[in-house]
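Me: I have a two-chain model open and want to talk through how it is put together. Can we start with the strands?

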Amino acid sequence: MIRFAGFTGTPALLLKMAVIAISDAILVSMLFAALAKDQNAMAGVIAAILLIINFVYFSKRTMPFKFLAPGIILLITFVVVPVIYTVLMSGFTYQTGNEISKKDALIQLIDSGITADAENTSFDTVIGKVDGNLAALATNQTTGEVGIATEKSYTPLSSEQFTRNEYGVAETANGFVRLSDTEAADADSALSTIKFPLGNGYFLSPQGLDVAVRVTQSLVYDEASDTIKNLIEGTTFKDNNRGNFANIENPDQKLEPGWRAYNNFENYLNLFRDPVVRGPFLKVFVWTFIFAITTVIMMFGVGLLLAIAMDKKIRFRRFYRSILILPYAIPSFMTILIWAGMFNRQYGAVNLLLGHQVDWLNSAILAKLIILVVNLWLGFPYFYLISSGALQAIPAELEEAASIDGASPRQIMQRIKMPLLLQILAPLLIASFAFNFNNFNIVYLLTGGGPTNVLAGETAGATDILITYTYKTAFGSTQQNLGLACAISMIMFIIVGALSMWSLRRSRVLENM
Amino acid sequence: MEFETITSIGEHVMKSPMKTGHLWRHIYAWALIAFTIFPIYVVIQSSFDPSGSLASSSLVPTRFSWKNYAALFNNEAVPYLTWVKNSLVLASANALISVFVGAASAFAFSRMRFRGRKLGLQALLLVQVFPSFLALAAIYVMMERIYTVYPSIGLGSLGGLLIIYLGGSMGVNAWLLKGFIDSIPLELDEAARIDGASTPQVYWLIFFPLALPVLAVTALLSFIGTFNEFVLASLFLTDVNQRTVAVGLQQFVGAKFGQNWGPFAAGSLLAAIPLVTLFLSLQKYIIGGMTQGAIKG
C-alpha cells in the first residue's frame, strides 16, 4: 500500500511559496532594470511572465497549466518570439549602414553635417576650463584674433586679457585654466564631438587639442517636411521610405548613415529581382536541395545494404556492428574537423594515402564530393540502425508465405521487404532530409562554404547551403544584411514546415492526438 | 518496448561456418570498417606524433610521445580544460532543466484533458520541427538587446546561450517524452487516484520514478545534442574563456591548421572518449529513443 506522504501539507506549501517568491523577486528586479533602460518591449514580456506565473500557481482551477507554464514560457520567449522577430526583420532594410533607429540616424547626420567655412578659417587652440566648463582659448591663424569659446558662447578677448607665446598663440587668459596632461588625454576623444558656437551659424570644431577649424552647419533638418537641406550646395534630401535620406533630383545619392525602415518586402522581391542577390541565392538554393537529397540517398543506400548484409547471423556480426556505429557515437563537430585536416592538400592523410597532391578544398566539384563523402561517413550508421530495426519489424510469416509460393530470396527482398521498409522508414527519411537541409556543421566546419571566388565578386561559395549562406549574409565580415538573412530564414521556415506537415499528415500523427 | 527488436540483432552470434553465400556480407562489412576506421586511426596516430604539426605527419607511426596532450594543459592561450568545463556545464544544465520542465509539460499533455489541449499539441508539433538556429539573425539581435539590460544572460554569456538552448530543446523533449509517457499504463495512476492521490502526487510519486530511465535517456540525447551544437555557440561566445569545446577547438585548429594539428587531435580524442563510452554503454536505450518513429510508422 502506497502512502501518499510528502509534497502535501505545510512543507509542500512552504516550498512552493519559496520558489515563487524567489522567481518573483528575480523577475521584478529584471522588470525594473528593463524599464530603467527604456526597453519597453522587454519589460512587457517580463511583466506578462510575472502575471502568468502568479496567476497559474495561486489559482485553484489551473492544474494543467501548473505543469505546462514553465515549458510554455520558455518556448514562447525563446522560440516563438525570435520567429516573430524574424518575420518583422525580414520586412525591414536592416543592414550595414542601416542598423540604428531614424532618431539616432538623424542625430548622427546633423552632428556630422558640418562643413568648413568658405575661407577655411583655422585656429590654434589651448583646451581648458572656464568656471569649471570645458572651453577653448582660440587664436585665429589668419588674423591673430583671440577669444574664448565655451559650449554656450564665444567671447573675443582684448590684448590685455591674455598672453601669447613666442609663436603668437594665446596661451593663458584671465579666468582660463589649462587642462592638465591627464585631463587632456581623457578629453581628447570627447573633443571630436564638441562644437563651440561662434555665432551666426558658425562653430569652432576642435581637430585634436591644438587646432580647430571654423565650421558651419551645412545639413539642416526640417521636421515639417521631413527633409534635410544642404545649405551650401542647395540640395534637398527626402526620406526615401527605404531607410535613407536621398537627393530629390538624384535618388541614388543617399546620406549615410541610414536607419532600419520597413521596405515593403523588398528583401523578398530582391531574391528574385535583383541579379546581385538572386544569382548567389539561386545557386545556393539549388545546391541545398541537391545536397540534401543526394546525401540522404547515399546514407540510406549504404546503411540499408549493411542492414541487409547483417540480417543473417554471420560470424563477427557483433564485432562489425560495434565498429560500424562508432561514427555515430563520436561528437560530429570533431570528426568533421578531423576530415577537414585529412583533406589538406599538402599534408592531409587522404593525399598521403593516394600519393598525389589533390587540391580537394579549392575545387568546386571536389569540395562538393567530399562533403557528400564525409556526411556519408557520419550518417550511414544511423541508417543502418533504423533499417535493421525496420527489417526486424517485418513479420517473418510474410517471408515464409512468399517462399512457400516459390519466391526467391531476391524476389522476397525486392517485392515484399523493400516496399514495406520504405513505408516504415519514410517519416525518418523525410526527417533526415529536413535535418541535412539545415546541416550547418558539415558545410561550415568542412569547407566553410568554399571554395569562394572572391575576386569574381562571389558572396556565396560552391558548397554553401541556405543556412550557412544566411549566416554569412547576417554576420559576414564586410557587409552584413540582417533583413535579407531573415527573408532567407523565412523561406527555409516555409520549406521545412511544409515538408514536416506533409510528412505528419501522411503518418496520421495529427489525427491520433 | 520498441527498441528490443532492434537490439536483438547481434545479441546471439551463431558459430556457423563462413558460407560462400555470405562472403559478400563480410567483404562489404570490411570495406565499411576500413572507411570508418580511417579518420579514427589518423586522429589517434596524430595525437601521439611528437612533431604536432600536419606537415610532418605520416600514415605509419614512427615516434611516440605525450607531448600533444601536455600542450593542451600547459598553454595559456588554449584553455582546453575551461572549454571542456563550459561544454559540460552547458550541456548538463540544458539536459537536466529541459527534461525536468519538458516532462511536466508532457505529463499534462498525456494525462490531462483541458481546453486547448489539441491546439497546444499541434502547435508543439509544429514548433519542434524547426531548429531554433533558423532564426539566428533574430536571436542575435534579441540577445544583443538583452545584453544592454542584463549582461549575464545576454550576448557573449554562457547563461544567454543556455536559455536559448532551453527554449530550443523544449519542443523536441516535450514531444519525445509525451510519446514515452503515453506508453506508461493508465491503470497505475488511476489506482493511485482511487487511493486518494492528487494530481501533483501522482506526478511526483508515481509517474516521475517510473519515467526516470526514460527521462535519463532523453537527457542524454539532449546532452549529446548540446555538446555538438556549433552555430549558436560560435555566434555567441567570442571570449576565449567562455568558449565550448566545439568552438574552442574549431578556432584553435582553424587558425593554423598545420601547426596545431597534434594538440587538436589529442584534445578531440580526450573529449570524445567519455561521450563514446557513454554512448556505447547506453546504446540500447539511445538507439531506441532515436528511432522512436521508425517502428510505430
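Reply: First the terms: helices (H or I, at least four residues) and strands (E, at least two) are DSSP runs, numbered from the N terminus. Two strands pair if DSSP finds at least two bridges between them. The model is predicted, so local features need pLDDT of at least 70 and side-chain atom pairs count only at pLDDT 80 or more, while totals for chains, interfaces and linings use all residues. Residues are numbered from 1 along each chain as its sequence is written, and chains are lettered from A and ligands numbered from 1 in the order in which they are written.

Me: OK. How many bridges pair strand 14 and strand 15 of chain A?
Reply: Four, in the antiparallel sense, between residues 227–230 and residues 235–239 of chain A. Within that pair, I228(A) has F237(A) as its bridge partner.

Me: Which sheet order has those strands in it?
Reply: The order is 13-14-15-16 in chain A, an open sheet of four strands with antiparallel pairing. Strand 13 (219–222) and strand 16 (245–247) of chain A are the edges, each pairing on one side only. On average, neighbouring strands of this sheet are turned by 30 degrees against each other, direction ignored; the axes are lines fitted to C-alpha atoms, for helices over the stretch in contact, and angles run from 0 to 180 degrees between N-to-C directions.

Me: And strand 4 of chain A, what does L137(A) stand opposite?
Reply: V126(A). That belongs to the pairing of strand 3 (residues 122–130) with strand 4 (residues 133–140) of chain A, antiparallel with eight bridges. L137(A) also has I148(A) as bridge partner in strand 5 of chain A; strand 4 and strand 5 (residues 146–150) of chain A run antiparallel and are joined by five bridges.

Me: What about the turns, which residues take a positive phi?
Reply: In the hairpin of strands 3 and 4 of chain A, with two residues between the strands, D131(A) has a positive phi near 50 degrees. The hairpin of strands 4 and 5 of chain A has five residues between them, and G144(A) in the turn has a positive phi of about 80 degrees.

Me: Changing topic. What is the average pLDDT of chain A?
Reply: It is 85, with 97% of the residues scoring at least 70; pLDDT is the predictor's confidence in each residue, from 0 to 100. Among the elements of chain A, the lowest mean is 78, for helix 5 (residues 181–191), and the highest is 93, for helix 7 (residues 275–309).

Me: Now chain B. How many helices and strands?
Reply: 14 helices and zero strands.

Me: Which domains is chain B divided into?
Reply: Domain 1 (20–73) and domain 2 (80–296), with C-alpha centres 32 Å apart. The bounds come from an automatic or database domain assignment.

Me: Last one: how many residues does each chain put into the contact?
Reply: Chain A puts in 93 and chain B 101, where contact means C-beta atoms, placed from the backbone, within 7 Å. Helix 3 (residues 63–90) of chain A gives the most to the chain A side, 16 residues. That side divides into 68 nonpolar, 18 polar and seven charged residues. Ala, Val, Leu, Ile, Met, Phe, Trp, Tyr, Cys and Pro count as nonpolar, Asp, Glu, Lys and Arg as charged, and the others, Gly among them, as polar.

Conventions: Contact = placed C-beta atoms within 7 Å.
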